[in-house]
Each structure stands twice: as structure tokens, then as C-alpha cells.
Amino acid sequence: MSILANGDTAALMAGPVAARMKPPSRFGDKAFEWLTLAMAMAVVALVFLVGWQLARGSSLAIQKFGFHFLTTSTWDPVAEQFGALPFVYGTVVSSLIGLIIAVPLSIATAVYLTELAPLWIRQPLVSLIEMLAAIPSVILGLWGIFVMIPWLRDYPFPLFKKLFGWTPLFRGPIYGVSMLAGGIIIAIMILPIITSVSREILRSVPNLQREAAYALGATRWEVTRIAVLSYAKKGLFGAVILGLGRALGETMAVTMVIGNTPQIAASLFAPGYTLASVIANEFTEATTDIYLQSLFEIGLVLFGITILANLVAQLLLKTMGTKMATRAVQ
Amino acid sequence: MQATSTNHSWRKIKSTLASALAFTSAVLVIAPLGLVFFHLLKSGASSVNWDFFTHLPAPVGAIGGGMANAIVGSFELLGLAAIIGVPIGVLGGVYLAEYGSARANAMLRFVADVLNGVPSIIWGIVVYGLVVLRFKGFSAYAGGLALGLMMVPLIMRTTEEVLLLVPNGYREAALALGITRWKTIVHIVMKTASKGIITGILLALARVAGETAPLLFTAFGNRFWNHSLHEPIAALPLQIFSYAISPYDDWHRQAWAGALVLVITIFFINMLVRFLTRGRMVSVT
């Protein structure tokens, strides 16, 4: 291709008529290549821009509170004391609840879609999962406030309290809005992405794996467990971490159901607060510089951990050699 | 002999059980979609009427009014987002597909995928710092920029993917005719893949159309018509959010109606995309 693209060579080979023609200008080619390169580099520039802006916006808070920002739990805008521990705790716990619910369901669904379901049902099911992914966070939050919370408060929560009330996790008054409700909403938000990435990974498992296990007389479940799931372990782990990255940054739906109270409570029935939702709720109310700076620092922490989660996830998925299924469901 | 046969049937039972569990999981994953849609129709459908599309929000306390300004605002914001996100995304995708070394491109792809995972609320505060603070005010421009930047990695990756589907013979044929490389890319390769590129852009638009978090501190929302892009602007997701957390029943009703309209718009774009592509992204004849 490169020889043909070279105007000089083409002219030399084309004989006298062509030789009199001026070789085509290379300027357009170079300019276009540089232009597209600049646009492609935009993604790198954006990562640095985001990091730089967050660091710049929080420099005062970083200076004032230092490392204590992450280890203290006073959040008092009036006294200008800011510690982000309750938010870090809320983000971690709600994301963990989300993962505990979503991971088994998503991977089992992916298994169903690739190994067990009748062929005609697969495509419609995939489309439905894509539709679930397309529901905006704020709408899920609306449904959470008016449908899910009242239902949870009236039926499952009292039941949990009766059954597991002896553990500190399910004690105390039931308000409805709670860490557990936040976790459940997060689970719904991350189900589609974990399912579709897992499905992509299971599909990339070579059929020889399955055939070999069948040939040894394995049942369908044994084939799935021994030949497919253990083979795809690393990639599935990547899918889970990718889901974690989404869970950590989930904002609107969580803000609407988690109760927004900066506290560290053992009970999952108690309201909580996450990094993302404190930004969403308090950013426009931040009247003092140090308040705004502290919220920027929370943004910096959130940016750091989601970048880390995504890095790990992409590395794990890359080793599986799947054609990055992450775009299948955004 | 007896032992092996019971063992065998136990294994079969286990296999059936596992299948049943997997099926149940699939049903549970789909369930929220059905539930949300059911409640959207139940609580929202009755409030989607002519007033909803043509009226401004009613003053606090008054019943009625609509979300006309939010619907128009959403489209304005999407337009601004496209102006920013489409050129960067598409041309960046061209670079990844047509130029560059394999290793450098793998790196760029990686960064784009990581960027895609940045929480949307982060885009909101970054654009707040870059634009709103600097120009001393919430504006439609700021909101459009936040959404546009979110679209960049999405469009870049889909554009690259569809360009790679164009057979190399097309490029070789064009170059053999003496057409310069950039014209080959623009007029032959990108034209062949234009359907796929448009699909990618539509999907990215559908994705950001429902975003609320990046608009909270940029577009900010507005209960009236926006007369200049330098001013705060209403958007459907923002309006749904502020109505949902308000104490008024009438506003809750409107929030459901807005949510129904938003979801149907987003599903419609997705359907349109499926109709456009129907199997292939590139019109190879």
C-alpha cells in the first residue's frame, strides 16, 4: 500500500505522460494525519485535564487537612471541619452490597445466555438487558423513591429484621431510605454491564473446551463449571471489577435512595452517604472556599479510585483476548 | 454398579438445578426493566398531554404546567454536545483505525476505555471549575461541554470499530487510482462506513441524553425559556430530578411524565439504531 501511495514512484512507473504530471501534493495527507492524531490524543489530554482540574480545585483542602481528610469523620461546613470517612465508608459498603447482589445474578445470566438458553430466546434477552442499561440513573432513582423504598420498608426489611435481627447488620429503626436500598439500586445499575461483558467473555471460550468435557461424559453443568467458568475466571473477574468501577461512581439513583446522612452505622437499615452523592447534593450549596475545595477533593478521591478500578478491569479483560465488550452496554 | 447409577442421576439433578438457577437469574435481571416500565406507564401516562409539551412549569403551588422548556433545552444541550464530541470522537477514531503503530494505538484505546469509566459527576465538577467559575455563571455552553466530553471516548471507539470493518481492498483500489490517502479515507472508507459511524454517534447521544449528574453544576436548570446559551438552561433529566425530590404531589406526577417521555425517546433512538444497522454496520455490497 505504501508504495502505491507514493506519488513519485507511481509517476516513474507510469511512463512519459504521467511523468509530465506534477506529483500530488503530500500536504493534505500530512495535515489530515496530524489532525486525526491530535483528536486521538484528546483522550490522553482529557485524563490529565480532569486530574489537573480536580487537584487544582482541591489544593487548599489538601494543604489544610492533609491525610486526615480520609481518616476523620466530622463533616461540619459551619466549623469548616471536613473529613470524608463517612462518604468513603458509604461508597465502599453500598458498592459491596451492589456487587454481592449483582455478581451472582449477572454471571448466572451470562451462563444462561451462552450455554443453556434455547437459541431463539438469546437475542431478545440480550436486547432487553441492553434496554435496562439504557434507563437513565435519574429515572431508576425516581422509581426507587416512589416504588422500591415503600415496598422495601413494608415487606422485605421487617422480614430481614425478624430473621437476621440478631446480627448488627439488620438492627435499628427502618426508615426505608438506607444503605441497603442504595446497594440494591446500585446492583440494578450494574447488572447489565457485568452481564454483557461476562457474556462476551464466555463466548470467547473456545468450543474445544466444551467438546472435550462433553466427550468425557460431563453433564451440562459440569461442562459449564469445569470447562467454561474456570477457563474464563480471569476475564469474569475483570467484568466484576468493571462493575465495581461503575458502582463506585453511581450518582443520581443512589443519591435519591440512600438517605444522605454522613454517619458510619453498622446497620444496613441506617441511612448513609456516598462520595458521589455528597458532591451532587452539596456542591451548589458550598458557600465557603474551603467547603468547595473539600468537595473537589472528594471528587479527586472518587476519580482516583474509579480510574484504578477501570485500569485493573481493562488489564484483566485484555488478557482474555476479548474484543473489549465494554461498549456493548454503556 | 448401584452406586454409580445413583451418582449419575445425582449429577443429572445437579445439572438441571443449575440450569433452573441460571434461568431464574435471567428473569431476575430483566425484572427491574419490566417493573420500572410498568410504573412509568401507570404513573406517567395520564400526565403526558398537550400541556406537558407546550407549557412552561407552573409556579410553585399552582397545578398544571409542562416541561416544554426542558424538552427543548435537552435538545439544545445534545446539539452542543454533538458539536464538541462528534468531530473529536470521529477523527480520533479515524486515527486509531487508519494510522498509528499497533502499540501506540493499543495504548490510546486503553486510555479511551478508562476515560469511559470516569463517573459522570466528575465531568460536572471539572467543567464547573473550567468554565462556570471562569466565566462566572452557569450556562448552556458548560452543560453541552460536559456532555460532549463524555461522548468523546464512546464515539471514538465505535468509529474505529466500524472503520476496521471496511475491507482493505477498498483502500488499495482507491490508492491505486492515485487518490491521496486522506481523500481515500474521507471519501471511500468513511463513506462506506457512514452508517456505522452515525450509529455510534446516535448511541452516544442516547447515552448522554439521560445524564443528570454532569448538568447539575453546569447547565443548572431553569424554570423559564432559555434566551441565550450564556444562561442556565433546563434539561429533562434535571427537571425530573428536582421534581422527584420536591414535596409536591403535582410535581411528582410531572416527574413521572417527564421520565416516561425521556425513556421513550431513548428507547426510540436505540430502536432507530437497530433498524439502521440490521446486521451490518458497513454497507459493503
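These legends describe close-up views of a predicted model. Residues are numbered from 1 along each chain as its sequence is written, while chains are lettered from A and ligands numbered from 1 in the order in which they are written. Because the model is predicted, local features need pLDDT of at least 70 and side-chain atom pairs count only at pLDDT 80 or more, whereas totals for chains, interfaces and linings use all residues.

**View 1. Helices and burial in chain A.** Chain A holds 18 helices and two strands; these are DSSP runs numbered from the N terminus, with helices (H or I) of at least four residues and strands (E) of at least two. Chain A has 330 residues, and 48% of them count as buried, meaning that 20 or more other C-beta atoms, placed from the backbone, lie within 10 Å of the residue's own. Of the contacts in chain A with a separation of 6 or more, 76% join residues 24 or more positions apart; a contact requires C-beta atoms, placed from the backbone, within 7 Å.

**View 2. The contact of chain A with chain B.** Chain A and chain B each bring 78 residues to the contact. On the side of chain A, helix H10 (residues 137-154) gives the most, with ten residues. This side of chain A comprises 53 nonpolar, 20 polar and five charged residues. Nonpolar covers Ala, Val, Leu, Ile, Met, Phe, Trp, Tyr, Cys and Pro; charged covers Asp, Glu, Lys and Arg; the others, Gly among them, are polar.

**View 3. The two domains of chain B.** Domain 1 spans 2-47 and domain 2 spans 52-277 of chain B, with bounds from an automatic or database domain assignment. Their centres, taken over C-alpha atoms, are 35 Å apart. Six residues of domain 1 of chain B touch eight residues of domain 2 of chain B. The domain 1 side of this contact has three nonpolar, three polar and no charged residues.

How values were computed. Two residues are in contact if their C-beta atoms, placed from the backbone, lie within 7 Å. A residue is buried if 20 or more other C-beta atoms lie within 10 Å of its own, exposed if 12 or fewer, and partly exposed in between; C-beta atoms are placed from the backbone.
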